[in-house]
Amino acid sequence: MASSNSLMDSLFQRSLEDLIKGLRLGESTFVSKSLDEIRREIKLTDPSTKSVALQKLSYLAALHGVDMAWAAFHAVEVVSSSRFAHKRIGYHAIAQSFSDQTPVLLLITNQLRKDLSSSNEHEVSLALECLARIGTDDLARDLTSEVFTLLGSSKALVRKKAIGVVLRVFDKYPDAVKVCFKRLVENLESSDPQILSAVVGVFCELTSKDPRSYLPLAPEFYKILVDSRNNWVLIKILKIFAKLASIEPRLAKKVADPVCEHMRKNNVGKSLLFECIRTVFSSLSDQETALKLAVAKIKEFLVDDDPNLKYLGLHALSIVAPKHLWAVLENKEAVVKAMSDEDPNVKLEALHLLMAMVNEDNVTEISRILMNYALKSDPLFCNEIIGSILVACSRNSYEIIVDFDWYLSLLGEMARVPHCQRGKEIEHQLVDIGTRVKDARLELVRVSRALLIDPALLGNQFLHHILSAAAWASGEYVEFSKSPYEIAEALLQPCTCLLPPSIRAIYIHSAFKVLVFSVGAYFSAQEPTSSLLAQESTSSGSSVVNGFTYDSISSLVSMIELGLCSLSGTIDVEVQERTKNVLGFIGMIKHEIAEKPTSQDSETEAHRAMAFMEDVFSEELGPVSSTAQEKVPLPKGLELTENLEDLQEICREVLEPVAESNSSSFHTSDKVSFSVAKLTIRDQEEASSSLPPPPESASLLAEHRKRHGLYYLSSQKSDNHNDGDGNDNNTSNEYPPANEISVDSFKPKKKISKPRPVVVKLDEGDDPKTKPDASSSNDEPLSRAIQTALMGKGKGKESVKDNHDINVDTENIGQSSRREKKKKKNGERSSKRSSRRRRDQEASVTKPVEVPDLLL
Amino acid sequence: MGIRFILMVNKQGQTRLAQYYEWLTLEERRALEGEIVRKCLARNDQQCSFVEHRNYKIVYRRYASLFFMVGVDDDENELAILEFIHLLVETMDKHFGNVCELDIMFHLEKAHFMLEEMVMNGCIVETSKANILSPIQLMDKAH
């Protein structure tokens with residue numbers, strides 16, 4: 001019964017063509033139905049039924065995403081068939097579906113060996129193609145000798161494929177270099193264009209991984225560069241030289257001439273011309289004539305109507321831009337024109353180039369042009385533009401920005417671009433400029449105000465980050481604000497319910513700062529001691545800012561109270577806590593204000609609370625170096641991996657003035673959190689009922705500063721510089737911070753009326769530590785093997801030419817090489833000699849690789 | 001490695017040929033093809049033939065209803081790859097006589113065979129049409 005079934009299956013098997021026709025009908029269950037058939041057919045013993053089943057399966061796997069890993073063993077079966085047609089199907093299936101993890105991989109080693117040694121060149125080429133695709137470490141090791149034999153094959157079809165497979169073999173089994181490398185190099189001198197094209201391709205790949213090892217082959221490559229007429233070969237050779245010349249400057253000089261010659265030819269193919277240009281731009285840019293010629297040629301690309309050439313022209317310019325900006329500047333018009341191209345890829349390249357041209361003189365102009373483009377562009381490109389402006393302007397602590405007022409208004413403008421999605425970056429820069437550039441704070445507050453009072457912006461979730469920065473700045477630098485009342489009103493407007501809670505908390509906290517500032521100014525104006533001074537200064541105009549009357553302050557307080565009372569029941573704890581804090585504070589000072597200025601006693605509770613709060617907010621925030629943590633020297637004996645039992649000891653010192661109970665039953669965790677709370681001086685704790693007197697907070701702050709002065713940036717220092725004095729003296733600072741602040745001494749410019757404000761800059765914070773990449777690649781086995789193989793190439797060369805001796809290191813190759821020797825009887829004679837030479841070469845391995853003199 | 005993969009996709013986005021020179025799982029292949037096809041098919045004739053995708057550069061060209069897409073390393077010569085695509089199409093034309101989508105569908109193994117002659121391990125090893133086609137012609141005779 002079973003046999004008759006199988007006979008039916010064989011007789012009425014669908015061919016691949018039937019399958020494809022069926023697929024074209026588009027029946028939904030057809031694929032699974034066919035798979036069932038295939039599963040049945042592939043198990044049959046008839047080789048042709050089996051192979052057709054495998055062929056169909058390969059088709060389904062390639063185009064319909066069907067898994068065929070389960071058929072791995074059947075593929076091995078089909079490969080072993082003696083018929084070429086079956087073999088082909090089998091090898092195709094293997095190449096398509098085998099990975100390093102396929103368990104039956106080991107089963108094909110012998111089959112591959114058999115086919116590699118076959119007399120039928122097409123079978124050999126199938127096996128080589130398969131090895132190139134699936135070759136593993138084991139396969140590469142076991143088949144090295146076969147590949148070596150084929151490298152010397154007289155049939156071009158086989159030889160070029162053997163060359164192609166060498167890449168995989170070297171990659172998986174570096175010791176194969178000892179066997180095959182010499183023959184590979186010989187092929188560089190082949191006159192057959194097929195062979196040459198294959199071998200140059202292989203060297204191109206090898207060189208790109210480890211250029212230094214191939215420097216000794218420069219003369220051979222050079223010969224091909226001068227003699228070859230094949231564009232494919234020349235392109236690959238140019239790629240090789242681009243790599244070699246970047247590590248050997250003398251080579252660059254030598255190569256420049258033939259490269260120029262290729263560029264000057266009238267009928268040179270565009271692909272070759274482009275490769276020449278790219279090679280010059282990337283590696284030969286120090287050769288003046290070559291560079292000039294390449295720049296002249298790239299112009300033709302830029303003005304061409306073909307979008308491909310235009311794109312490549314721009315792309316090539318971006319390679320040369322960092323070293324020779326003039327090449328880009330010469331083509332400024334073309335670059336700007338490309339900004340309005342209809343291809344987004346071309347526009348993107350143009351944008352990168354524009355940003356490369358930005359400097360402190362043209363940043364305003366270029367940014368204005370770009371913002372216009374941003375308004376017109378689709379969302380994706382619009383954000384690319386905004387992103388690149390942000391990156392270019394903030395580079396190196398805003399190096400190219402002279403006029404920060406302008407830049408801040410630009411940031412404000414960005415927020416209003418409809419598609420803007422770069423909220424996070426803009427937020428970061430607004431805060432960063434606030435902390436770094438003192439002179440820009442007035443404008444920052446102005447820009448922030450404009451953003452805050454616009455209720456329309458609150459609905460756009462991409463702007464929430466920007467708004468949070470604006471809220472923070474308005475609160476932190478409220479003293480620059482013309483109307484604190486307006487700010488507080490904006491911060492508490494009903495639409496703020498659209499904000500996420502974390503940002504809303506910042507809004508409330510900023511409103512708190514505004515309140516503290518306003519009430520503080522109001523109180524200090526009342527104080528009898530300072531009232532005289534205040535009155536004097538009233539006439540001189542400072543009261544315009546600080547002029548809080550009884551009416552204005554009470555309406556401010558009640559407005560804030562009204563705005564917040566609905567929030568005290570919010571679910572979000574952060575918002576709720578901050579609301580409660582502000583409300584609690586208002587409750588404390590409210591009666592004081594209600595009493596009108598009758599009370600002359602400045603020692604009331606409210607006054608003390610006010611003084612304390614002002615104290616808390618008066619400490620200026622500075623930028624923090626990203627590497628601040630790393631600068632802390634690891635204290636001796638600090639065990640970071642041990643548990644924290646010792647913490648109690650450390651904490652006691654801090655806690656002594658506070659917790660004198662000294663009872664050992666006190667929980668460590670309580671102490672720690674308490675001390676941390678003290679040290680960080682969060683407003684929440686202090687604003688609540690148990691209020692410590694102000695001097696303590698100041699002393700704690702001083703204490704903290706003393707301990708952690710490392711992280712403090714002196715704010716006085718930038719004041720010094722504002723006077724125009726470049727001298728950097730820290731004498732005023734009791735606790736000199738460890739971070740050195742480097743300040744650009746401003747160079748007065750004729751064009752710009754006001755000098756560049758001081759930007760606080762942390763010296764080393766910005767440049768990431770780059771690990772010395774050294775010559776780690778030299779330690780790789782493949783590089784080592786190749787350097788060994790090339791050592792003394794010069795002296796070995798003549799003997800290589802007259803007898804194709806096998807260069808075998810018996811100890812390393814082991815079995816396979818012994819087999820090898822049996823086959824290559826004519827090589828026997830010379831192998832002894834060659835292994836002796838090899839030993840010599842290995843002895844000199846330690847010497848650095850040198851480029852032979854004949855080229856240089 | 002030079003060439004990482006070669007795809008032929010019709011206007012509807014169906015893959016007609018897929019040849020990979022590095023190991024990717026089925027899911028990875030399907031995802032990659034989907035993303036690339038979406039990107040390339042959305043572009044028009046006035047736009048350039050190069051698209052950057054993940055760490056590949058895709059060089060593509062449309063012939064009638066078929067898109068030929070080649071994924072290459074970043075430093076590969078784009079124009080040379082366009083020439084390679086053209087050579088592939090010319091070779092197929094020579095064999096099938098004005099090649100169309102159906103030819104590739106029904107003779108997928110021949111298309112693969114041509115590619116295997118042209119590309120090895122991601123390197124282009126053969127650029128002569130006659131050399132590429134000679135093994136296939138031999139095979140046809142044997143049948």
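Predicted model: local features only at pLDDT ≥ 70, side-chain atom pairs only at ≥ 80, totals over all residues.
**Confidence.** I started with the scores. The predictor gives the complex an ipTM of 0.93, alongside a pTM of 0.72. For chain B I noted a mean pLDDT of 90, with 99% of its residues at 70 or more.

**Chain A against chain B.** I looked up who takes part: 39 residues come from chain A and 35 residues from chain B. On the chain A side I found 16 nonpolar, 11 polar and 12 charged residues.

**α7(A) and α8(A).** Next I checked helix α7 (residues 109-116) and helix α8 (residues 121-134), both of chain A, which pack at about 140 degrees with axes 8 Å apart. Oblique or roughly antiparallel? The cut-off for roughly antiparallel is over 145 degrees, so I have α7(A) down as oblique to α8(A). Their crossing is left-handed. From α7(A), I see A:L112, A:D115 and A:L116 meeting A:E123, A:V124, A:L126, A:A127, A:C130 and A:L131 of α8(A). I get 7 nonpolar, no polar and 2 charged residues in that contact.

**α10(A) and α11(A).** Then I turned to helix α10 (residues 156-172) and helix α11 (residues 176-186) of chain A, where the angle is about 155 degrees and the axes lie 11 Å apart. That angle makes α10(A) roughly antiparallel to α11(A). I looked up which residues touch: α10(A) brings A:I163, A:V166, A:V169 and A:F170, and α11(A) brings A:A176, A:V177, A:C180 and A:L184. By class I wrote down 8 nonpolar, no polar and no charged residues. The crossing of α10(A) past α11(A) is left-handed.

Conventions
Residues numbered from 1 in each chain as written. Chains lettered and ligands numbered in written order. pLDDT = per-residue confidence, 0-100. Contact = placed C-beta atoms within 7 Å. Nonpolar A, V, L, I, M, F, W, Y, C, P; charged D, E, K, R; others polar. Axes fitted to C-alpha atoms, helices over the stretch in contact; angles between N-to-C directions. Helix = DSSP H or I, 4+ residues; strand = E, 2+ residues; numbered from the N terminus. Parallel < 35°, antiparallel > 145°, perpendicular 65-115°, else oblique. Left-handed = near helix turned anticlockwise from the far one by under 90°.
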